[in-house]
Amino acid sequence: MTTRHTTARDLAQIAIFAALIAALGLPGTITVGSTGVPITLQTLGIMLAGGILGARKGFLSVLVFLVLMSAGLPLLAGGRGGLGVWAGPSAGYLIGWLVGAAVIGALTAKILPEYPLWLGIVINIVGGVLVVYACGVAVLAFRVGFVPAVTSNFLYLPGDGLKVLVAALVVKQVHRAYPGLIGPPASGAPASAAPAPADAAAAAESADPTDTAVAADAPDNRELDGTPSADETIVKP
């Protein structure tokens with residue numbers, strides 16, 4: 001079993017996307033409905049983290065964000081932070097961010113390096129909408145009931161649909177410009193100039209044996225011009 005080590009580059013990417021998720025909360029929130037769950041741009045950051053960094057680093061970037069938020073930093077949209085957030089109506093959706101980023105990253109890795117746009121949109125819908133909504137409803141239902149928890153999500157669909165499209169467009173361009181962010185690079189490894197041992201042996205076996213015979217039967221030029229060869233014995237008269 002191979003162990004994936006976290007490099008300095010991985011840590012930098014995780015930190016950058018944790019900061020991106022926090023930055024997307026600066027525009028603030030829009031509260032709709034009666035459940036108390038606001039509309040924010042930070043779900044877009046979850047989709048970008050999973051789609052660009054992959055399942056592992058995307059999950060870790062969201063985890064770093066949530067740990068810092070739980071420590072008291074006002075990183076959620078509207079300047080919210082602290083452990084009290086986990087007792088609020090948005091707690092399930094925050095858990096959904098973790099799962100959603102991992103799902104988006106895992107599914108995105110399967111369609112690279114091509115990344116068809118329509119598949120990217122479907123992946124963002126599955127991980128960034130359905131998974132997040134499912135986790136959110138599972139927790140919110142204990143507060144407001146199952147039916148209100150489900151129906152309240154319909155208010156978020158137009159904005160989340162736009163974020164799904166934007167995220168897919170951005171992820172496609174990023175992977176086109178920087179292949180290999182998730183998994184191996186799109187282009188194969190360059191061919192080596194020297195043949196492999198097996199290839200060299202095959203080339204030797206496929207050589208025409210008549211070439212060796214012709215070389216062996218060729219007359220010695222020294223005999224033709226009268227110059228004795230090295231194998232001849234010179235006898236003085």
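Modeller: Asp 10 is buried in this predicted model, because its relative accessible area of 5% falls under the 20% limit. The side chain of Asp 10 meets that of Arg 56 in a salt bridge, 3.4 Å from N to O. Since Asp 10 belongs to helix α1 (residues 8-23) and Arg 56 to helix α2, this pair ties together parts 46 residues apart in sequence. Arg 56 has a relative accessible area of 28% and is therefore partly exposed.

Asp 10 also forms a salt bridge with Lys 57, where the closest N and O atoms are 3.4 Å apart. Lys 57 lies in helix α2 and Asp 10 in helix α1, so here the parts tied together are 47 residues apart in sequence. Lys 57 counts as buried, at 6% relative accessibility.

The whole structure holds 3 salt bridges. One of them pairs Lys 163 with Asp 160, at 2.9 Å from N to O. These two residues sit 3 residues apart in helix α6 (residues 157-177), which means that about one helical turn separates them. Lys 163 is buried at 7% relative accessibility, and Asp 160 is buried with a relative accessible area of 6%. As for shared partners, salt bridges join Asp 10, Arg 56 and Lys 57 into one network.

Notes. Residues are numbered from 1 along each chain as its sequence is written. This is a predicted model: local features need pLDDT of at least 70, side-chain atom pairs count only at pLDDT 80 or more; totals for chains, interfaces and linings use all residues. Side-chain values use heavy atoms; hydrogens and water are left out. A salt bridge is a side-chain nitrogen of Lys or Arg within 4 Å of a carboxyl oxygen of Asp or Glu. Helices (H or I, at least four residues) and strands (E, at least two) are DSSP runs, numbered from the N terminus. Buried means under 20% relative accessible area, exposed over 50%, partly exposed in between (1.4 Å probe, protein chains only).
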